[in-house]
Amino acid sequence: MNKDDGKTHWESCYLDHIECAYEKIIQLEEDNKYLKKVLQERHAERLKNWDIITKLQKENDQLKADVQHLMQFLNEGTR
């Protein structure tokens, strides 16, 4: 027996392992919270980028239509 706390060597080892496992669980939970936050931020950024891409595609489509209309107008004017 360990004279300091009245526990056997095995009891002390067992408690040390439990304490170590508990500390690892706490660290994993903190890491998980951080990763969830990063994932949410990246998802929000992707949504923002998707909105920008969609807007630019619509503007591009409109410009293509405007150019096509202008080309038709110019072609009709040269006849």
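Here is a walk through this structure, from its overall form down to a few residues.

What you're looking at is a predicted model, in which local features need pLDDT of at least 70 and side-chain atom pairs count only at pLDDT 80 or more, while totals for chains, interfaces and linings use all residues. Residues are numbered from 1 along each chain as its sequence is written, and side-chain values use heavy atoms, with hydrogens and water left out.

Let's start with the fold. The protein chain has 1 helix and 0 strands; helices (H or I, at least four residues) and strands (E, at least two) are DSSP runs, numbered from the N terminus. With a radius of gyration of 33 Å, well over the 12 Å that the globule rule gives for 79 residues, the chain is more spread out than a compact globule. That radius is taken over C-alpha atoms, and the rule is 2.2 Å times the number of residues to the power 0.38. The C-alpha trace spans about 110 × 15 × 10 Å along its principal axes.

Now follow helix 1, which covers residues 9–77 and includes V67. On the surface, V67, L70, M71, F73 and L74 form a nonpolar patch with about 500 Å² of accessible area together. Patches are made of residues with over 30% relative accessible area and no salt bridge, joining like charges within 9 Å and nonpolar side chains (Val, Leu, Ile, Met, Phe, Trp, Tyr) within 5 Å. A salt bridge here is a side-chain nitrogen of Lys or Arg within 4 Å of a carboxyl oxygen of Asp or Glu.

G77 lies in helix 1 as well, and is exposed at 62% relative accessible area. From G77 to N49 is 28 residues in sequence and 41 Å in space, C-alpha to C-alpha.

What about disulfides? The whole structure has 0 of them, a disulfide being a pair of cysteine sulfur atoms within 2.5 Å. The closest cysteine sulfur to that of C13 is in C20, but at 12 Å it is too far for a bond. C13 is partly exposed at 23% relative accessibility, and C20 is partly exposed at 35%.

Technical notes: Accessible areas come from the Shrake-Rupley method with a 1.4 Å probe; for residues, only the protein chains shown count as cover. Buried means under 20% relative accessible area, exposed over 50%, partly exposed in between (1.4 Å probe, protein chains only).
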